[in-house]
Amino acid sequence: MKKILAFALITQMGIYINEQFYTCPKAIEGQWFYRAAIYGTWLLPVIYSKEVEESIKVIYDGEIFVANVVPDTSKISKFIIRSIERGITLQEGGNQQ
């Protein structure tokens, strides 16, 4: 199984990559989603596999955390997803918190 290193977008709705939203205890404890809503989105490195979409590994502060897909991601409208994706280009990479 091939592992891919990429960047996920931290948004008010979750950790966003490949048209899916993910969450993990570290993100909740650190109030990442609240901070994204207040201060803007930012990018974090993640490791994932195209064969396994139910979880990703988030790299943060020298540690790796497993994040699981948020249920019912498929029900989020394409308009909201496009707005989130557009937001990252407007902020030139987002705010690092």
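Predicted model: local features only at pLDDT ≥ 70, side-chain atom pairs only at ≥ 80, totals over all residues.

I traced the strands and found a closed barrel of six, in the order E1-E2-E3-E6-E5-E4, with antiparallel pairing. From one strand to the next the twist averages 45°. I then looked at E1 (residues 4-11) and E2 (residues 14-17), which pair in the antiparallel sense over three bridges. Ile10 has Ile15 in E2 as its bridge partner.

**Helix.** Next I checked H2 (residues 32-39), and it lies across E1, E2, E3, E4 and E5. Its direction is at about 65° to E1.

**Core.** Which residues touch the most other members of the largest nonpolar core? I noted Ile10, Ile15, Ile17, Trp32, Ile56 and Val58, out of 19 residues in that core. E1, E2, H2, E4, E5 and E6 each give two or more residues to this core, and E4 gives the most, with four.

**Backbone.** Most residues other than glycine have a negative phi, so I listed the exceptions I had come across. Gln31 has a positive phi near 55° and lies in the loop between H1 and H2. Is Gln31 buried, partly exposed or exposed? Gln31 is partly exposed, at 47% relative accessible area. Asp61, also not a glycine, has a positive phi of about 55°. Asp61 sits in the loop between E5 and E6, and I marked Asp61 as exposed because its relative accessibility is 68%.

Methods: Residues numbered from 1 in each chain as written. Heavy atoms only, no water. Pairing = 2+ DSSP bridges. Axes fitted to C-alpha atoms, helices over the stretch in contact; angles between N-to-C directions. Contact = heavy atoms within 4.5 Å. Core = buried A, V, L, I, M, F, W, Y, C linked by side-chain atoms within 4.5 Å. Buried < 20%, exposed > 50% of the residue type's maximum accessible area, 1.4 Å probe, protein only.
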